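Hi,

Here's the structure I promised to pass on.

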Amino acid sequence: MIRFLILNAFIAVHTIVFCLWAVMLSFFNRDGSLIHRWCAVPWAKTILFVCGVKLEIRGIENLKKGSPGIYMSNHQSYFDIFALLAGLPVDFKFILKKELMRIPILGRAMRSAGYISLDREDSRKAIISMNMAAEKIRNGASVLIFPEGTRSEDGVVREFKKGGFHLALKSGCDIVPVAVVKSRDIVPKGSLKVNKGVIYFRIGGAIPVADCSKKDMNALIEKVRDAVVGLMDVTT
């Protein structure tokens, strides 16, 4: 119980401090790159360290330096956020549900970092968000999407939604499959108890979309989902 209280209090205070730091940095950096490097990454790494969570990373060699990508990851726990920021050596922007942007201080910090909110209940606003994301990609930025739309309660990868794939076709940017494994053992969905352990982080090879069209959408979705599922076998 004491560890539970201390860790959650630390995460809350640590997050507030770094959110304020992000807002300060935003006055000197409009594209959010400094916020990612000097704020988001150290914020995530510190939380993993203090909570006793180690990260085992494989697949760094699959990254194409200097080329933007659309990273698609499975989603099991809110600790996925920390694992992705700490383990993916790329300046990327999260595409997140709009509700997170409404959280005081945190929402302001995420907007300062260039993260993009997605309104899943309003198709018109969702299209605007995707157009914003496509523009960022054309300007050289990478984005990260949880195509399941929400965290999996049992760890099984859910069906992928089409939004991120429309973005890929619109931007012509390669999709990079990513798997975060065992984060559910650290903090299951619906729980605040933080367990010690190892999160396995896997990066797959890029899946090109240049020759794909809307008629290839379902096949592309299945291909990416299969790639993510395949990366989740940490015994290989």
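Predicted model: local features only at pLDDT ≥ 70, side-chain atom pairs only at ≥ 80, totals over all residues.

Residues are numbered from 1 along each chain as its sequence is written, and side-chain values use heavy atoms, with hydrogens and water left out.

Tyr115 also turns up in the largest nonpolar core, which has 45 residues; together with Phe79, Leu84, Leu85, Leu88 and Phe94, Tyr115 touches the most other members. By nonpolar core I mean a set of buried Ala, Val, Leu, Ile, Met, Phe, Trp, Tyr and Cys residues joined through side-chain atoms within 4.5 Å. Buried is under 20% relative accessible area, exposed is over 50%, and partly exposed is in between (1.4 Å probe, protein chains only). The elements giving two or more residues to this core are α1 (2–26), α2 (33–50), α3 (79–87), β3 (92–97), α5 (106–112), β6 (175–181) and β7 (197–203). Helices (H or I, at least four residues) and strands (E, at least two) are DSSP runs, numbered from the N terminus. Another core, of 30 residues, lies apart from this one and includes Ile116, Ala133, Ile145 and Val157.

Next, α6. Its buried residues are Ala126, Ser129, Met130, Ala133, Ala134 and Ile137. They sit on the same side of α6, because they cover an arc of only 140 degrees around the axis (taken from the directions from the helix axis to the C-beta atoms). Their packing partners are β2 (70–73), β3, β4 (116–118), β5 (142–145) and α7 (163–171). Just after α6, Gly140 has a positive phi of about 100 degrees.

What about the cysteines? There are zero disulfides (pairs of cysteine sulfur atoms within 2.5 Å) in the structure. Cys19 is buried at 5% relative accessible area, and its sulfur is 6.9 Å from the closest cysteine sulfur, in Cys39, too far for a bond. Cys51 is buried too, at 0%; the closest cysteine sulfur to its own is in Cys19, 16 Å away, so that is also too far for a bond.

Finally, Lys45 in helix α2 is partly exposed, with a relative accessible area of 46%.

Cheers

How values were computed
Contact = heavy atoms within 4.5 Å.
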